[in-house]
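We will go from stop to stop, with a note on what to pick at each one.

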Amino acid sequence: MNDVLHKLPEFIHNHIALVAMFVVVLIALIVMEIASLFRKYKELTPAGLTLMINRESPLMIDLSAYADFEKAHVPGARHVAMSQFDPESKDLTNAKELPVVVMDKDGRGAATKAAQRLVKAGFAKVHILGGGVQAWQQAQLPVAKGKK
């Protein structure tokens, strides 16, 4: 261990670009983790969503492309195209106190944007399905096919 500490300054001097990239990645990871602690919506695992379905009957909104929704979706989820998603619509304003779970195909963007919009519109219990419908399928949980 002592030998490593003596060679560390030399390594840093010889590999400055590599060390700089490591520091940037480390800072980015820290910032992302801190930001996740302060966001106003929670991320659920497939098991967490299953538990919520059994206990609270959440409103589930699937923002996947329609073709993907027809291939496989969480049973009970409603399809809404992201272009049609409006947290201020009269259908959703009645659900402001209910738990709402938004999901997309792979958990890479649409659900996060929709969750942020729901929080901004005053929804109290907003969640996203981490990893999207793909994570649900990988957990070998049942899926529905078709329009409903």
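**First stop: a charged pair**

Select Asp3 and Lys7: they form a salt bridge, with their closest N and O atoms 3.7 Å apart. Here a salt bridge is a side-chain nitrogen of Lys or Arg within 4 Å of a carboxyl oxygen of Asp or Glu, and by this rule the count comes to three. Because Asp3 and Lys7 are four residues apart in helix 1, about one helical turn separates them. Helices (H or I, at least four residues) and strands (E, at least two) are DSSP runs, numbered from the N terminus.

This is a predicted model, in which local features need pLDDT of at least 70 and side-chain atom pairs pLDDT 80 or more, while totals for chains, interfaces and linings use all residues. Residues are numbered from 1 along each chain as its sequence is written, and side-chain values use heavy atoms, with hydrogens and water left out.

**Next: two helices**

Now show helix 1 (residues 2-14) with helix 2 (residues 16-38), which pack at an angle of about 95° with axes 5 Å apart. They are therefore roughly perpendicular to each other (the class for 65 to 115 degrees). Axes are lines fitted to C-alpha atoms over the stretch in contact, and angles run from 0 to 180 degrees between N-to-C directions. For the contact (heavy atoms within 4.5 Å), select Phe11, Ile12, His13 and Asn14 of helix 1, then Ile16, Leu18 and Val19 of helix 2.

**Last stop: Glu88**

Where is Glu88? Look in the loop between strand 3 (78-79) and helix 5. Leaving aside neighbours within four places in sequence, Glu88 is in contact with Thr93 and Ala121.

Conventions. Angles under 35 degrees count as roughly parallel, over 145 as roughly antiparallel, 65 to 115 as roughly perpendicular and the rest as oblique.
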